[in-house]
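Subject: Handover of a structure, with notes

Dear colleague,

Please find the structure below, followed by my notes on what was found in it.

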Amino acid sequence: MTTYLPLTIACFLVFQFIAVPALAQKTIDITTTASIHATPEEAFELLTSLKRFPEWSPFIVSDPNQQNHVTGTDGQVGAVFHWEGVDEKSKGQQTLVAATGGTYVRMECEIEVPFEASPVFTYQIDQSPNGIVVTQHFSLPCSGFQRFMMKLFGVPKQVAETNALGMARFKELLEQESAVAQR
């Protein structure tokens with residue numbers, strides 16, 4: 001019997017100090033930043049225009065046939081971007097819930113398919129010596145077990161790659177438009 005005691009204690013300690021804290025964490029948070037040659041006003045306008053979201057959305061790259069539309073007044077708090085995937089089976093909506101000071105935007109999503117989730121995207125626009133810096137923060141509330149399973153299957157890495165693609169597309173579009181506006 002005593003030969004199993006050290007193994008039992010070791011398993012308890014591993015569970016107590018590694019598994020329990022990992023299971024207790026309740027969000028997946030990913031931050032993506034882009035330095036952009038544009039004005040804060042140009043960035044704010046593009047971020048708040050849900051009708052223009054498909055122009056820089058990373059999801060259009062993988063599903064160019066996605067069906068989408070906007071309800072409410074585009075660019076105003078309360079506007080909603082609805083989508084339904086064609087090539088990728090997805091369905092949901094994102095609502096513009098805050099657009100303040102020309103520097104902060106918050107969008108709350110409700111994903112129905114392929115799984116239910118409620119991620120939040122916030123954008124902070126800051127002045128820099130060469131234009132602006134746009135910081136996107138993604139937060140996905142989830143149970144500790146969901147978070148553990150998502151990490152196990154590489155979901156945070158996939159989300160980070162998707163968000164990086166979206167910010168790269170946003171930067172490219174915004175810099176093109178800003179260059180044209182400066183001519």
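Cys109 counts as buried, because its relative accessibility is 4%, where buried stands for under 20% relative accessible area, exposed for over 50% and partly exposed for what lies in between, with a 1.4 Å probe and protein chains only. Cys142 is likewise buried, at 9% relative accessibility. With a disulfide taken as a pair of cysteine sulfur atoms within 2.5 Å, the count is 0 disulfides.

Before going further, please note that this is a predicted model, in which local features need pLDDT of at least 70 and side-chain atom pairs count only at pLDDT 80 or more, while totals for chains, interfaces and linings use all residues. Residues are numbered from 1 along each chain as its sequence is written, and side-chain values use heavy atoms, with hydrogens and water left out.

As to the overall fold, the protein has 5 helices and 7 strands, these being DSSP runs (H or I of at least four residues for helices, E of at least two for strands) numbered from the N terminus. Along the sequence they follow the pattern α-β-α-α-β-β-β-β-β-β-α-α. Of the 183 residues, 37% count as buried. If contact means heavy atoms within 4.5 Å, then 50% of the contacts between residues at least 6 apart in sequence join residues at least 24 apart.

Once neighbours within four places in sequence are set aside, Trp56 is in contact with Leu46, Leu47, Tyr123, Gly166, Arg169, Phe170 and Leu173. Leu46 and Leu47 are among the buried residues of α2, together with Pro40, Ala43, Phe44 and Thr48, and the cover over the buried residues of α2 includes β4 (91-100), β5, β6, β7 and α5.

The largest pocket has a volume of about 850 Å³. On a 1 Å grid over the protein atoms alone, a pocket is an open set of points where a 1.4 Å probe fits, with protein on both sides within 12 Å along at least five of seven lines, and lining residues have an atom within 4 Å of a point. Of its 36 lining residues, Phe59, Ile111, Phe115, Val159 and Thr162 are the closest to the centre. The largest share of the lining, 8 residues, comes from α5, and the lining divides into 23 nonpolar, 10 polar and 3 charged residues, with Asp, Glu, Lys and Arg counted as charged, Ala, Val, Leu, Ile, Met, Phe, Trp, Tyr, Cys and Pro as nonpolar, and the others, Gly among them, as polar.

Two local details remain. His69 lies in strand β2 (residues 67-71) and is partly exposed, with a relative accessible area of 45%; beyond its neighbours within four places in sequence, His69 is in contact with Val80, Phe81 and His82. The peptide bond from Val113 to Pro114 is cis, with omega near 10°, and Pro114 lies in the loop between β5 and β6.

With best regards

Definitions and conventions:
Points joined across faces, edges and corners; volume = space filled by probe spheres on them.
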